[in-house]
There are 2 protein chains.
Amino acid sequence: MKHVLVTGANGFIGRAVLPLLAARGWRVSAVSRQPQDTDSALASWHTADLFDTDATAQLLGHLRPTHLLHLAWNTEHGRFWQAPDNLDWMSASLSLLRAFAENGGKRAVVSGTCAEYDWSHGFCREDVTPCAPRSLYGEAKLATHHLARHLLAGTDTQLAWARVFFPYGPGEAAGRLIPSVMRAMDAGEPVRCSHGQQYRDFLHVDDVAAAFAHLLDVADDGVFNIASGIPVQLRHLVLTLARLMHWTGTPDFGAIAVPADDPPLLVGDITRLRATGWQPTVTLEDGLIHTLADWRQPRQHHRSS
Amino acid sequence: MKHVLVTGANGFIGRAVLPLLAARGWRVSAVSRQPQDTDSALASWHTADLFDTDATAQLLGHLRPTHLLHLAWNTEHGRFWQAPDNLDWMSASLSLLRAFAENGGKRAVVSGTCAEYDWSHGFCREDVTPCAPRSLYGEAKLATHHLARHLLAGTDTQLAWARVFFPYGPGEAAGRLIPSVMRAMDAGEPVRCSHGQQYRDFLHVDDVAAAFAHLLDVADDGVFNIASGIPVQLRHLVLTLARLMHWTGTPDFGAIAVPADDPPLLVGDITRLRATGWQPTVTLEDGLIHTLADWRQPRQHHRSS
């Protein structure tokens with residue numbers, strides 16, 4: 001039976017992946033550091049600290065999953081770019097992959113990042129655009145990818161490396177662009193933005209999750225952008241939110257300075273992922289309506305990361 | 001007095017530049033191969049064949065312009081990409097630049113092309129994106145640029161090299177995308193298109209012309225993209241035309257195959273040109289309305305190139 005071990009299953013993307021895996025007939029094991037995080041019945045939950053190499057090896061020896069979906073990493077908003085524990089996540093990821101391969105794992109799908117690319121190129125294609133991360137986060141992900149290829153060379157374990165662009169949707173960290181703009185508009189506070197001229201690539205978290213679930217079943221090794229392929233100007237995004245929220249103010253474009261090297265365009269080419277049979281299904285408009293509806297529902301808490 | 005010699009003054013861009021130069025107080029000389037082409041009173045017209053090195057040298061020695069705006073090249077729709085005379089235009093351009101420098105010319109602005117870039121990168125930035133032309137046209141323009149830099153090194157003659165993206169507007173060659181779609185919609189014929197998913201960078205010819213006129217007055221040497229900086233999907237462009245023309249049919253997207261290496265995105269970064277004080281002023285919507293209005297006016301002829 002197909003059996004996938006999911007790390008980061010309680011994260012922003014992981015929570016959206018679990019129902020898709022269940023629907024596709026996977027036996028799902030999920031690993032979490034703290035037992036109280038195991039808030040989903042869609043998986044068998046296991047408690048382990050991925051930073052503990054022995055514990056990881058033990059878990060993999062016990063479960064012997066055929067597939068691995070590795071999403072866990074430090075993604076704390078605003079801090080993860082330069083957080084020293086990026087290097088710990090690199091080590092932990094490599095230990096995990098090694099234990100997975102040693103226990104007969106057939107295929108691993110690992111979450112990389114668009115921050116691996118040289119952003120001065122802007123339009124990111126897996127086989128064309130050079131990699132030159134600006135952040136420790138990007139460097140650590142890139143190094144993890146390179147080292148993992150070496151680690152798995154000569155084994156029967158496949159590796160698909162997925163470079164995720166800008167996911168958004170229900171459960172996104174409160175400090176990020178869309179939730180913070182929604183909150184300010186909802187509270188009647190000023191909406192302070194950068195100049196907003198930049199183009200970025202936003203993909204609804206359900207499409208991101210579908211891409212990950214899909215990649216588990218694809219035979220293709222290699223690197224895949226997970227993106228929409230659609231350049232959206234931040235100004236347009238903010239004005240769309242204003243329209244959907246019936247907010248009649250004027251966003252203060254330019255209130256927040258951008259770095260001199262802020263890329264004017266950052267978009268992922270998705271030709272390669274499309275060729276495997278996946279395609280995005282949620283338009284930006286529908287995705288924002290969905291995000292807004294979810295955000296307005298009463299709930300226990302909004303996650304901070 | 002500022003005195004500019006304009007080549008290609010009867011071309012698509014040249015015709016739009018002449019009134020701007022007049023308005024900016026330039027004394028304008030224009031060169032044309034055939035006297036009957038001299039249909040504008042905005043310049044003093046001179047007849048010369050730029051392929052004739054001696055004639056070019058004589059003309060420059062006679063006029064001694066302070067500035068040169070070199071737009072002339074083979075731009076015959078569909079043929080210019082691989083036409084052998086691209087090499088003749090390279091030689092002619094270099095002879096022209098040499099004669100200009102030898103006669104005390106201060107600043108030349110020359111029309112290059114986005115086809116100099118490696119299109120697999122898609123988002124084209126002057127100092128970042130590698131050049132790797134796919135066409136003889138792009139190769140010849142790129143070589144002209146490199147050779148011109150060598151030729152002018154050690155002289156007092158400045159060179160600004162302008163890489164033009166996708167100009168459109170009144171006077172565009174009939175076979176190109178916008179005029180051909182307008183014509184088919186107007187005639188009630190089927191509108192056959194490629195899949196239309198590609199993003200391209202369209203700039204109204206008046207903005208292109210303004211950029212050239214502006215670059216004559218800028219002190220900055222170097223390479224400048226002349227573009228809008230705005231990715232527009234071809235599908236969107238065609239559907240906008242349909243709306244503006246009140247055409248109620250369904251474009252046949254996918255009827256025309258695209259090459260396997262057709263770039264999904266081709267956009268020019270215009271940070272550098274903006275920094276000199278130029279900016280685009282015509283929105284795509286306004287530009288298409290303007291183009292359509294002009295196209296519907298009765299006229300003597302539509303140009304085929």
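Reply: A polar contact is a pair of N or O atoms within 3.5 Å; within protein, one atom must be able to donate a hydrogen and the other to accept it, and residues adjacent in sequence count only if both atoms are side-chain atoms. This is a predicted model, in which local features need pLDDT of at least 70, side-chain atom pairs count only at pLDDT 80 or more, and totals for chains, interfaces and linings use all residues. Residues are numbered from 1 along each chain as its sequence is written, and side-chain values use heavy atoms, with hydrogens and water left out.

Me: What does the side chain of Asn74(A) reach at 2.9 Å?

Reply: The side chain of Asn74(A) reaches the backbone nitrogen of Glu76(A) at 2.9 Å, and the limit is 3.5 Å. The side chains of Asn74(A) and Asp85(A) are also joined by a polar contact of 2.9 Å.

Me: Why is Asn74(A) called buried?

Reply: Buried means under 20% relative accessible area, exposed over 50%, and partly exposed in between (1.4 Å probe, protein chains only). Asn74(A) has 11%, so Asn74(A) is called buried.

Me: Which residues is Asn74(A) in contact with, leaving aside its neighbours within four places in sequence?

Reply: Contact means heavy atoms within 4.5 Å. On that rule the partners of Asn74(A) include Phe80(A), Trp89(A) and Tyr137(A).

Me: How many salt bridges does the rule find across the interface of chain A and chain B?

Reply: The rule asks for a side-chain nitrogen of Lys or Arg within 4 Å of a carboxyl oxygen of Asp or Glu. Between chain A and chain B it finds zero. Polar contact there amounts to three residue pairs, both residues at pLDDT 80 or more.

Methods:
Chains are lettered from A and ligands numbered from 1 in the order in which they are written.
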